[in-house]
Each structure stands twice: as C-alpha cells, then as structure tokens.
Amino acid sequence: MEARENTASVSALLRVIPPELEPEWDSHVVRIRHEGRESLFRPLWIGEGLPADARRARTELFHGASERTDGVVPVVTARRVSPGAREILEDAQLSWADASGRARIVVPGSFYIARLEPIRADAGRAFKWSAAADAIAETLLGWRVEYSEPETMPIEQVGVIAKTADVSLAHTARILRHFDEQRYTAKTGAERGTSATREFRDPGRMLSDWAAHYAATPQSGADIEFHVPWRDPQQSIEALTSSLHGQDWALTGEAAADRIDPYLTSVPAVDLYVPAGQLEPARGRLAQHPDFREVESGGRIRLSAADPYVFRLTREARDVRTVSPVRVYADLLRGRGRTAEAAEYLRETAIGF
C-alpha cells in the first residue's frame, strides 16, 4: 500500500513541475534545477485531500519541524486537494500538488509554481493548430502589439476573446488551456472570479509557432487578380479606395508592410483582404473601373477573403487600413528572398517580440 501511495505522490508532484526545471526523482526526493541552483522536494501523500487530511499533514510536518531544516521542501500531495484543504495548507505556508494537475509550490527566495486549473488528461499530446486556435492566437498576438501596456490587455476575459475571434465560449476556454499547456500563456491569481487573470508567458515563441504554421498552410486559392497599367502601388491604393468606398477591406503583404514601416525598395503587387462573403461584390465593383482588367495570374492587385475577426484587428497606417502587423508578418513569410527579409524587419520594428 505504501509503495502505491508513494508512486502516486511522486507522480502528482512530477506532473506539475515545468520540464525546463529538469525534475528528477531521487530515491526520497524530487530534484530540480533553477538558475544554477538545485532544490529538493519531498512529497507527502495525504490521500483524498480533504480538510481533515490537510490538518493531519500540517500536524505531522510541524511536529517534525526539526526534520525540515535540511533544505528539503515538503510538498503535500493528494488525489484532489479540496478548497478547504488548500486554505489550511496555504495558511500554514505549505506547498501542495494534486493528481489533477493543480499546485502551489513555493521555494522561498527562489521561485513560485502556481497551477490553478487541472491539467487535462491529454495535455501530453502534441498541440495541433486548428482554425479556432489560429483565430484566437492571432487575436491575442494582435492585441499584444496594440496595447502599449501589455498588462492592460483583456487576455483573461474569455468572453471578449471568444467574441472577437468568432469562437464559442467553451471552445475558447479549451484553446486557452492548450495555450497554457504550451506555456505561451499562464493562468495567475484566483482560479475563478474577478481576480482570475491570464498573462503572456512567451509571446515571441507563440508568434513564431503560429506564423510558421500559417505560412505553411496552403492558401485557399480564392484570390482574384487584376492588372492595372501602372506600377505605382500608391496609385493602385487610391483606385481601390475610390472603387471600394463603403466596403470593408484592408491591405496586407508588401503594400501593408510598406505603409507600416517601409523596407522594400519596390512593391510589385498590392494585396488586400475583404471579408468572407464580400469577395464577389468587391470583384464586381473593381471590374467597373476602366483601368482594371481581371487576369488569371501576375496581377498587380490581388484580393483574398478573410474571416470577420481579421477586420476587428485592423489599424490605420498612413491613412490606409491594414490588417494587424502579425497577419502582415505571417503573409510576408509565404514569400522568399527580400519578402522574407521584410517580414523579419517588420517583426523587429513594428511587432517587437
């Protein structure tokens, strides 16, 4: 019985420690390494994790206080530490972890681990991008660029994220948990309520992962192209502004990057998005322009459809609406040579992470 409980105790503790801390079970303790220092944890199994169990652990640990001076941090573990048991343990300044993946572990003067939501049973599976995950990632990354003070972002407001990205509330919550598991973001504060928050942990890695996936995804092939008898992108933009007056549209690609922060010496084509469902009306309006001629390929003006959430993240750049810099960056990554260079320049100057 003791061996089984010891295995469960160690498993619960190892499950909540981030892998970058290199957790290792060593006979009676779990070793971790943090900033060149080693810390030791001793798991103490209390079974179901009810308040009575927590009080018993508290008594046991404080009666054996002399045994706690050896630098080993005790961590109370259970199948599920109840809210009442958490309160008892935290009032006693004791660390805890449970088999569901929740934890609060403190090493004074070193670090703090807090997992306030359970780790899903499938958390070990490789994360896969989906249309909904794409939309939520682009929304969060777009906000990260726009907010001058990242801590004011509504990243913890699941309802706001769901509404902006056009994803259901339940699905949004699941994807945000996946982002936490990937360590793109982290849940902090209370588990629920107004003091519950979520913050970015690694926006740069999230942007790289999302943009690489996006750039590698084949385009829908719904583009419509027009030839115009000039090379000046500004003239094309002026013609678009006139022809599409009153309709949603926004620049992307090289033309958008040139508006946001110029890098390329020439812009061979003007790429723009219109909302899905408005591609054909836009096509008809542009076809009425005397200088626009639709072509199969090689056009100097190229239209594509985008989901509505993309237009909730747009911005003004030199009097023209562009998509979010993160979408411009990802679109530029589809290109090669100087286009890819422009993408990295945009990331450095306009995105910043």
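Predicted model: local features only at pLDDT ≥ 70, side-chain atom pairs only at ≥ 80, totals over all residues.
User: How many helices and strands in the protein chain?
Analyst: The protein chain has 13 helices and 16 strands. Both are DSSP runs numbered from the N terminus: helices are H or I with at least four residues, strands are E with at least two.

User: What share of the residues is buried?
Analyst: Buried residues make up 48% of the 353 residues. Buried means under 20% relative accessible area, exposed means over 50%, and partly exposed is in between, with a 1.4 Å probe and protein chains only.

User: And contacts: what percentage join residues at least 24 apart?
Analyst: 63%, among contacts between residues at least 6 apart in sequence. Contact means heavy atoms within 4.5 Å.

User: On to helices. At what angle do α9 and α12 cross?
Analyst: Roughly 135°, and the axes come within 9 Å. Helix α9 covers residues 253-260 and helix α12 covers residues 325-333. That makes α9 oblique to α12. Axes are lines fitted to C-alpha atoms, for helices over the stretch in contact, and angles run from 0 to 180 degrees between N-to-C directions. Under 35 degrees counts as roughly parallel, over 145 as roughly antiparallel, 65 to 115 as roughly perpendicular, and the rest as oblique.

User: Left-handed or right-handed crossing?
Analyst: α9 passes α12 in a left-handed crossing. Left-handed means the near helix is turned anticlockwise from the far one by less than a right angle; right-handed means clockwise.

User: Which residues meet there?
Analyst: From α9, G253, E254, A256, A257 and I260. From α12, P325, V328, D331 and L332. The contact residues divide into 6 nonpolar, 1 polar and 2 charged. Ala, Val, Leu, Ile, Met, Phe, Trp, Tyr, Cys and Pro count as nonpolar, Asp, Glu, Lys and Arg as charged, and the others, Gly among them, as polar.

User: How many residues of α9 are buried?
Analyst: 7 of its 8 residues, so α9 is mostly covered by the cut-off for buried. The buried residues are G253, E254, A255, A256, A257, R259 and I260.

User: What else packs on α12?
Analyst: α4 packs with α12 at about 120°, with the axes 8 Å apart. E138, L141, G142, V145 and E146 of α4 make the contact with P325, V326 and R327 of α12. That contact divides into 4 nonpolar, 1 polar and 3 charged residues.

User: What about α2 and α3, at what angle do they pack?
Analyst: About 20°, with the axes 8 Å apart. α2 is residues 51-63 and α3 is residues 83-91. That makes α2 roughly parallel to α3. The crossing of α2 past α3 is right-handed. P51, A54, R55 and R58 in α2 meet G84, A85, I88 and L89 in α3.

User: Changing topic. How many aromatic pairs?
Analyst: The count comes to 6 aromatic pairs. Rings of Phe, Tyr and Trp (its six-membered ring) pair if their centres lie within 6.5 Å; planes under 30 degrees apart count as stacked, over 60 as edge-to-face, and the rest as tilted.

User: Why is W129 with Y184 called stacked?
Analyst: Because the ring centres are 6.3 Å apart and the planes lie at 20°. W129 is in the loop between β7 (111-115) and α4 (131-146), and Y184 is in the loop between α6 (169-181) and β8 (185-189), so the pair ties together parts 55 residues apart in sequence.

User: Buried or exposed, W129 and Y184?
Analyst: W129 counts as buried at 18% relative accessibility. Y184 is buried too, at 2%.

User: Where does F179 come in?
Analyst: F179 pairs with Y184 edge-to-face, 5.9 Å centre to centre with 65° between the planes. F179 is buried. W129, F179 and Y184 form one aromatic cluster.

User: Last one. Where is P268, and what does P268 touch?
Analyst: P268 sits in the loop between α9 and β12 (270-275). P268 is exposed, with a relative accessible area of 52%. P268 touches E254 and R300, not counting residues up to four places away in sequence.

Key:
Residues numbered from 1 in each chain as written. Heavy atoms only, no water.
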